[in-house]
Amino acid sequence: MSIEKKQNAIIEEFSIFDDWMDKYAYLVDLGNELTPLSPEEKTDDNLIDGCQSKLWIIVELKDGKMRFKADSDAIITKGIASLLIRALEGETPKDVLDAELSFIDKIGLHQHLSPTRSNGLLAMIKRIKAYAMAFNAKA
Amino acid sequence: MNIQNIRKDFPILKQEIYGKPLIYLDNAATTQKPVSVIEAMNDLYFRLNSNIHRGVHYLSEESTSAHENARKYIADFIHAKHTHEIIFTRGTTEAVNLVAFSFGEKNIQQGDEILVTEMEHHSNFVPWKMLAERKSAKLIVLPFEEDGSLSLEKFQSAITEKTKIISITHVSNVLGTINPVKEMIRIAHEADVPVFVDAAQSIQHLSVDVQDLDCDFLAFSGHKIYGPTGIGVLYGKEKLLDEMPPYQGGGEMISSVSLDKITYNELPFKFEAGTPNYVAAIGLQAAIKYLEDIGMQDVIKYEHDLFAYATEQLLQIEGLKMIGTAKKKTSVLSFVMDGIHPYDMGTMLDKTGIAVRSGTHCAEPVMQHYGISGTIRASVALYNTKAEIDKLVENLNKIQMILS
């Protein structure tokens, strides 16, 4: 499934919620389902330190496709990270680089990507893009 | 004090957020503004706007006198001996920077000590740290006790022959502790050390009398006392201010300039380079007048009861731990909840129309003291109600179920 299609699937999934609490309860579930990183994986190199919440991310390239692992001390941050991973997992560096991640806005979570939000999510996207650029250049 | 009438004075409180009535509990960050403040500033722009101090025309004279009346009004409010001991700044942060720079330039030498406490806001920590680095002086940090109070004995023994200035917060923006500043100042003065009081979190909740405290400097921000942003006050004793070199150079702060020689203006203008924020100064006066018209003692009593109620109700929540349990506190309720990240709680409370703050509150050393990454902070002001506290508690319980 292309990134675009995966984004649309997420948007559709979220369209059933007309209550903010339900939407966040779902994000909490997603956060809980995301496999936590082991303590050894939570290195300073993998850390994106927002001033509100911490976010760790591991980016790898396997057989030309990008793979991600992420964790956060805040469950909502983790839930949103899980959505980002779902949209980008298994895609080529070029597709990741070109992807416009409009779904966050469309499901009403854009406030979490505000530069002053300090939860590390914006930095996470930047880091993913930087990796994609580097992988793409090597390819 | 009629709370429903007071709430009507604050237009912003009437709105709904995500379809829920706004419950604003982020007052330690900034307070909302009564109509009288907004109107005072509008009126100035509508009728009187003109740059102050230099004009000979009608508007300039009127706005100059409004600005200087505001200064006089504020001097009376904090019981300053002289009106020229009131310096307008952009806020508390600029006031601390001004003193750290100007007092520091004159009085701090290599090896000297500057004393602050572990509970300071970054604004009352970083400027002193920068001064210490600039002068190869030492910044001494007095730790606080487990309950978030300061020990007077430890304070006394932290003062040495090398201590040249002490800066302490009156009320902690994280712990809510009311520090015994009057007693601390007395102790400091026994050792001839001047004291700067950060009143950013006290001026709106307590009676502040600079002559009674005998503080050497005191600062607060307009926007935390129902006034506009961009204006703050530095009070300083005349003698100290007179001896200090200027902070910034520019218009207003000079009395004459030739190519070889600059003569600085007198107090307070020596420290007010550039066009002052006279509109905000007048807004600040209106804010203080608003408080005084209600009666500061009534405000204090109302907030005291509300704070006690909020503390009691919050502590009923299972797994909630209050951060800062000193005997004397005001306004600020910082807490953590078992297994719940403050960011998650703050984010979800927002969706219920409740504005609180989560995070480190610009006081990371306080977080380090308790080994926590942040707190949830609710802070009350004169327009908050017990019903709002009940809603907060109800939603904390509800969200706790979702998050854990």
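## Loops, sheets and a contact between chains

Tyr18(B) is found in the loop that joins strand E1 (16-17) and strand E2 (20-21) of chain B. Helices and strands are DSSP runs, numbered from the N terminus: a helix is H or I over at least four residues, a strand is E over at least two. The model is a predicted one, in which local features need pLDDT of at least 70 and side-chain atom pairs count only at pLDDT 80 or more, while totals for chains, interfaces and linings use all residues. Residues are numbered from 1 along each chain as its sequence is written, and chains are lettered from A and ligands numbered from 1 in the order in which they are written.

Most residues other than glycine have a negative phi, and most peptide bonds are trans. Tyr18(B) has a positive phi, near 50°, although it is not glycine. The residue is exposed, with 11 other C-beta atoms within 10 Å. Burial is counted from C-beta atoms placed from the backbone: 20 or more others within 10 Å make a residue buried, 12 or fewer make it exposed, and counts in between make it partly exposed. Ser331(B) also has a positive phi, near 65°. It sits in the loop between strand E13 (320-323) and strand E14 (332-337) of chain B. Ser331(B) counts as buried, with 26 C-beta neighbours inside 10 Å. A cis peptide bond links Leu267(B) to Pro268(B), with omega about 0°. Pro268(B) belongs to the loop between strand E12 (262-264) and helix H10 (278-294) of chain B.

Helix H7 (residues 181-190) of chain B has the buried residues Val181(B), Met184(B), Ile185(B) and Ala188(B). They span an arc of only 100° around the axis, which puts them on the same side of H7(B). The arc is that of the directions from the helix axis to the C-beta atoms. An α-helix has 3.6 residues a turn, so residues three or four places apart point the same way. The buried residues of H7(B) pack against helix H6 (152-158), strand E7 (163-169), strand E8 (195-198) and helix H8 (210-213) of chain B. Residues are in contact if their C-beta atoms, placed from the backbone, lie within 7 Å. Asp192(B) follows H7(B) and has a positive phi, near 60°.

Chain B also holds an open sheet of four strands, in the order E13-E14-E17-E16, with antiparallel pairing. Two strands pair if DSSP finds at least two bridges between them. The twist averages 30° from one strand to the next. Such angles run from 0 to 180 degrees between N-to-C directions; the axes are lines fitted to C-alpha atoms, for helices over the stretch in contact. Three bridges join E16(B) and strand E17 (residues 375-379) of chain B in the antiparallel sense. Ser358(B) stands opposite Ile376(B) in E17(B). Helix H11 (residues 296-314) of chain B packs on the sheet and touches E13 and E14 of chain B, its direction making about 5° with that of E14(B). H12(B) packs on the sheet as well; it touches E14, E16 and E17 of chain B, and its direction makes about 160° with that of E16(B).

Chain A has six helices and three strands. From the N terminus on, its elements run α-α-β-β-β-α-α-α-α. The strands form an open sheet in the order E1-E2-E3, with antiparallel pairing. Its edge strands are E1 (47-49) and E3 (65-72) of chain A. Neighbouring strands are turned by 25° against each other on average, direction ignored. E1(A) pairs with strand E2 (residues 54-62) of chain A over three bridges. Leu55(A) in E2(A) is the bridge partner of Ile48(A). Helix H3 (residues 75-88) of chain A lies across E2 and E3 of chain A, at about 175° to E3(A). Helix H6 (residues 121-138) of chain A lies across E1, E2 and E3 of chain A, at about 20° to E2(A). Of the 139 residues of chain A, 36% count as buried.

The contact between the chains takes 14 residues from chain B and 14 residues from chain A. On the side of chain B that touches chain A, helix H12 (342-350), strand E16 (357-359) and helix H14 (386-403) of chain B each supply at least two residues. H12(B) gives the largest share of that side, four residues.

Technical notes: Two residues are in contact if their C-beta atoms, placed from the backbone, lie within 7 Å.
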